[in-house]
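Please open the model in your viewer and keep the selection panel at hand.

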Amino acid sequence: MPRRRSVLTTLLIVLPWTILLTIWHQNPATRYLTILRKETYENSTAKSLQFLINVTQIKEEQHTACTHQQEVTPAQQTARRYVYSRPPGWSRWLPTIYVITPTYTRPVQKAELTRLANTFLHVPNLHWMVVEDSPRRTNLVDSLLERSGLNFTHLNVESPKSVRIGLAKDSSHTPRGTLQRNLGLRWLRENLILSDSLEGVVYFADDDNTYSLELFEEMRSTQKVSVWPVAFVGGLRYEAPKVNTAGKVVGWKTVFDPNRPFAIDMAGFAINVRLVLKRPWANFQLSGVKGGYQETSLLKDLVTIAELEPKAANCTKVLVWHTRTEKPTLVNEGRQGFTDLKVEV
Amino acid sequence: MTMKMKLKLKNVFMLYFLVSVCGLMYALMQLGQPCDCTLHSRQSSDLVHSRDRTISRLQGELKRLQARGNPEEPPKPALPTIYTVTPTYTRLVQKAELTRLSQTLLHVPSLHWVVVEDSPVKTSLVSELLKRSGLRYTHLCTQTPKDFKLQEGDPNWLKPRGVEQRNLALQWLRENRGPSDEGVVYFADDDNTYSLRLFEEMRFTKRVSVWPVGLVGGVRFERPLVERGQVTGFYTAWKPNRPFPMDMAGFAVSLPLLLANPAARFHLSAQRGNLESSLLQALVSIEELEPRASNCTKVLVWHTRTEKPKMKQEDALLLKGLGSDPSVEV
């Protein structure tokens with residue numbers, strides 16, 4: 001009896017400590033992630049200051065306050081690098097352009113993202129949000145983003161098989177990239193704090209389109225939702241919003257279903273980020289969307305047609321082209337593959 | 001005595017147990033609470049703000065000084081110039097292609113863009129684009145002879161494309177550059193994709209440098225085979241018995257070598273796939289090729305092609321006389 005009792009007592013002593021230790025062991029990671037989620041901006045500006053200026057003072061302050069940040073284990077390293085903000089090499093007073101790009105793995109993916117990055121490198125205060133349609137973030141996109149030198153956020157969400165390209169029964173009506181764009185919106189809503197001083201614009205940029213640099217400066221001044229013409233959509237040279245002499249959007253110059261509430265392509269509009277945060281219920285609809293109505297499914301919850309702001313000289317200049325890249329014919333790869341798979345293309 | 005001790009011990013244990021359970025609960029409550037680091041970040045953000053202001057002021061001054069500088073000035077010594085020769089022709093996606101190519105080239109220092117249009121006259125679309133690009137450029141034009149021009153519906157490989165245009169660029173270089181000029185010539189088509197690293201790989205070419213090209217020849221990539229730093233052959237699935245079985249985007253020729261061989265040019269009569277060989281045969285042998293891109297193991301350029309946009313509605317409107325405004329440039 002006394003022996004059993006002593007066993008019981010030792011167990012009672014040891015048990016709480018083991019539980020505590022296991023929880024504390026996990027704790028730094030979860031604590032770190034919550035810090036990261038809440039204060040991406042503050043943390044990253046401080047982190048980036050470290051290699052911009054020798055401000056050791058701030059480094060130390062950060063060090064003492066949030067000690068868990070410094071406990072970097074390999075697991076934490078990968079968790080931390082999915083968001084990156086480089087030193088503020090440009091003005092903080094320009095509204096940031098948040099570009100959401102859904103992407104998926106295919107042979108031309110690296111080429112498309114490379115030339116898109118080359119374009120974005122010219123645009124000040126741009127934050128590129130790349131959302132992969134995959135179960136895990138791929139190394140290809142990860143290293144491309146890191147080497148690009150851009151501010152980025154790297155996310156991923158896998159589309160259900162029925163939605164994914166080529167596998168849908170009715171592909172013309174299946175909205176591609178919807179889940180990915182919604183995830184981008186969600187990240188913004190979770191990581192930005194709504195305030196009157198928050199300035200920014202959200203733009204959905206597909207990875208195969210072509211963007212002029214002028215476009216980004218046009219969209220930066222968006223108060224609610226701004227619109228402009230897009231080339232090579234709807235079977236036309238370009239589609240454009242109809243603007244009256246008073247400078248208001250009154251209709252749509254399209255042939256394909258011009259009576260849609262918003263007969264505009266994904267690349268033809270940008271939304272003020274405060275509006276995105278104010279209406280957390282506004283998202284792209286995934287199922288039951290008719291062809292050409294995907295943009296409407298989002299915009300109807302954000303603006304009315306009267307509130308749209310026409311850009312590009314009252315929608316008379318074409319600053320974005322809906323180019324599409326040919327699928328390369330890899331006929332000579334054969335069944336076993338001709339080229340070394342270790343070489344990334 | 002023992003009773004008292006026992007009681008005391010029991011109490012001690014109970015106390016200890018309670019304390020550790022409370023501590024555990026507290027630790028569990030702490031999980032998921034955001035860390036409040038706002039105090040320190042506020043101080044750091046003040047510092048950041050003032051640094052930001054200085055940086056944007058200095059950047060503005062830098063931009064003003066750069067704008068004052070004459071873009072026609074020859075490059076300061078040090079970097080050999082990369083002469084990028086781009087043949088182009090009028091079609092719907094031309095402006096888009098040249099726009100995104102210029103955005104890539106704008107990052108490359110000491111670059112001279114030679115754009116040659118397949119047209120009897122220089123078009124205003126290309127002229128304006130080049131003027132606004134911010135690059136150093138030369139704008140030329142020459143028309144492909146009718147017999148060699150592709151017709152609507154012809155497959156793109158039926159006739160060699162861009163031959164006369166590239167030859168005109170070579171002629172311009174021979175007339176406007178001398179033996180003292182350092183540089184390298186690269187034939188960059190307007191629909192391919194180039195990484196910035198590629199240009200640094202080719203800059204210091206002594207004769208002809210080569211590297212892999214992605215998405216060409218029906219395979220993921222074609223590349224030269226390199227053994228001990230020397231090119232020994234080519235890894236390609238399509239027509240591997242050509243003298244130089246590689247793509248136009250896979251090599252660069254040093255300017256002095258071109259000037260030393262005034263007869264070297266592309267031949268219109270070249271068979272399908274032999275256009276590159278028709279030039280290179282007159283310049284180098286395989287052993288003299290300089291491998292780049294980590295001994296030809298990295299893909300830094302992709303032979304992308306852009307789809308022809310569908311103009312079904314536009315054509316229908318044109319029939320009715322209601323086509324889109326032609327004064328809006330696309």
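On this tour, a contact means heavy atoms within 4.5 Å. This is a predicted model, in which local features need pLDDT of at least 70 and side-chain atom pairs count only at pLDDT 80 or more, while totals for chains, interfaces and linings use all residues. Residues are numbered from 1 along each chain as its sequence is written, chains are lettered from A and ligands numbered from 1 in the order in which they are written, and side-chain values use heavy atoms, with hydrogens and water left out.

Select A:Leu194 to begin, in the loop between helix H8 (178-191) and strand E5 (200-204) of chain A; helices (H or I, at least four residues) and strands (E, at least two) are DSSP runs, numbered from the N terminus. Once neighbours within four places in sequence are left aside, A:Leu194 is in contact with A:Arg274, A:Leu277 and A:Lys278. Although A:Leu194 and A:Leu277 are 83 residues apart along the chain, their C-alpha atoms are separated by 6.4 Å. A:Leu194 counts as partly exposed because its relative accessibility is 40%, where buried means under 20% relative accessible area, exposed over 50%, and partly exposed in between (1.4 Å probe, protein chains only).

Next, select A:Arg181, which is found in helix H8 of chain A. Is A:Arg181 buried or exposed? It counts as buried, because its relative accessibility is 4%. Apart from neighbours within four places in sequence, its contacts include A:Ile100, A:Phe204, A:Met266 and A:Gln294.

A:Arg181 is also among the residues that UniProt, in an unreviewed entry, lists for "binding site", and A:Tyr104 is another residue on that list; UniProt positions are given in the numbering used here, feature names are shortened, and annotations may be inferred rather than shown by experiment. Select A:Tyr104 in the loop between strand E2 (96-103) and helix H6 (109-120) of chain A, where this residue is partly exposed, with a relative accessible area of 30%.

Now turn to chain B and select helix H5 (residues 163-176), whose 14 residues should span 20 Å at 1.5 Å a residue, which agrees with end C-alpha atoms 20 Å apart; the expected span is 1.5 Å times one less than the number of residues. Among the buried residues of H5(B) are B:Val163, B:Leu170 and B:Trp172, and the buried residues of this helix pack against elements of chain B including strand E1 (81-88), strand E4 (183-187) and helix H8 (275-280).
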